[in-house]
Each structure stands twice: as structure tokens, then as C-alpha cells.
Amino acid sequence: MNYFRSIFFNFLAVFLINRVSPGLQIVYFEQVPNVITDLLFSLIVGFLNATVFPFLSILELNPNKFKLAFFTAIISYGAFLIVSIAPFGVQVTSPLGILVAGTFIWFVAFFTNYLEFKSFNCR
């Protein structure tokens, strides 16, 4: 799985979970959904999650499944914890939103980074 496909899947996962997850809602600006900041939030979190394996490889930290899971979990849950404090396109309305959204985003991020890890080790 190449890097751009990984960014796309991570972005798409964040963008979709913002709309369907219980406990999350899109911030409104003058009665209109603020889609631009939602897209920006999705792009930032998707980019950060997609770069875990490349950064571990560049820093020569011997990437493994545990490190991938740990760093993607920090980014996934951390993004929604930060948004619960200061809404940025998405607003957390209940702790269930952090749990559901963070878990789904963590799973997608780990899966895409794991595919990168497997394709890198097969070479």
C-alpha cells in the first residue's frame, strides 16, 4: 500500500466518522456547517496517522506492530481529546464520541500502517 493511498484512507475515515459517530457533531457557523475546518481537521489527523510508519523508519526506531499500535492510538485518541477541549470543525458532545471515533480511527490508522510495514518487510 503506497503512502498516498494511506493518507486518503485515513482522511476518508476521519471525515466519515465525524458525520456518523454518536457524540460528535460538525460545528456550525451562522447556521451553515463549517465544512472547511472539518476537512482541514480530517486532513491533519489523516496525515499524522499515515506518517507513523514512515517516521519510525526514517528515525530508525525499528518499527513493529506494538509501536505502530501505540503511536496511532496516541494520535487517534489525542486528536479527539484536543477537539473536546477546543472544537476545530468537529465538536465532541459526549465521551462516547471520543471512544467510538478514536477507536475507529485507530483501527484504520493501524491497519494502513501495518500494510505499509508488511510491504516494506517483504522487499
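The model is predicted: local features need pLDDT of at least 70, side-chain atom pairs count only at pLDDT 80 or more, and totals for chains, interfaces and linings use all residues. Residues are numbered from 1 along each chain as its sequence is written, and side-chain values use heavy atoms, with hydrogens and water left out.

Phe111 pairs with Phe107 in a stacked arrangement, 6.4 Å centre to centre with 15 degrees between the planes. Here rings of Phe, Tyr and Trp (its six-membered ring) pair if their centres lie within 6.5 Å, with planes under 30 degrees apart counted as stacked, over 60 as edge-to-face and the rest as tilted. Both residues belong to helix H5, where 4 residues, about one turn of the helix, separate them. An α-helix has 3.6 residues a turn, so residues three or four places apart point the same way.

Helix H5 itself covers residues 95–121; its 27 residues reach 38 Å from first C-alpha to last, close to the 39 Å expected at 1.5 Å a residue. That expected span is 1.5 Å times one less than the number of residues, and helices (H or I, at least four residues) and strands (E, at least two) are DSSP runs numbered from the N terminus. Among the buried residues of H5 are Gly97, Ile98, Ile105, Phe110, Asn113 and Phe117. Their cover includes helices H1 (3–20), H2 (35–50), H3 (52–58) and H4 (65–85), along with strands E1 (24–26) and E4 (90–92); contact means heavy atoms within 4.5 Å.

What does the interior look like? The largest nonpolar core has 16 residues, and Leu24, Phe41, Val45, Phe80, Val90 and Ile105 have the most contacts inside it. Such a core is a set of buried Ala, Val, Leu, Ile, Met, Phe, Trp, Tyr and Cys residues joined through side-chain atoms within 4.5 Å. At least two residues of this core come from each of H1, E1, H2, H4, E4 and H5, and H5 gives the most, with 4 residues. A second, separate core of 7 residues includes Val52, Phe53, Phe110 and Phe117.

A polar atom of the Asn113 side chain lies 3.0 Å from the backbone nitrogen of Phe53. Beyond its neighbours within four places in sequence, Asn113 is in contact with Asn49, Ala50, Val52, Phe53, Pro54, Leu68 and Thr72. Leu115, also in H5, is partly exposed, with a relative accessible area of 28%; its C-alpha is 12 Å from that of Val52, at a separation of 63 residues in sequence.

Back to the rings: a search of the whole structure finds 12 aromatic pairs. Tyr3 and Phe4 form an edge-to-face pair, because their ring centres are 5.8 Å apart and their planes stand at 65 degrees. Tyr3 counts as partly exposed at 24% relative accessibility, while Phe4 counts as exposed at 66%.

Terms used
Buried < 20%, exposed > 50% of the residue type's maximum accessible area, 1.4 Å probe, protein only. Polar contact = N/O pair within 3.5 Å; in protein donor to acceptor, adjacent residues only side chain to side chain.
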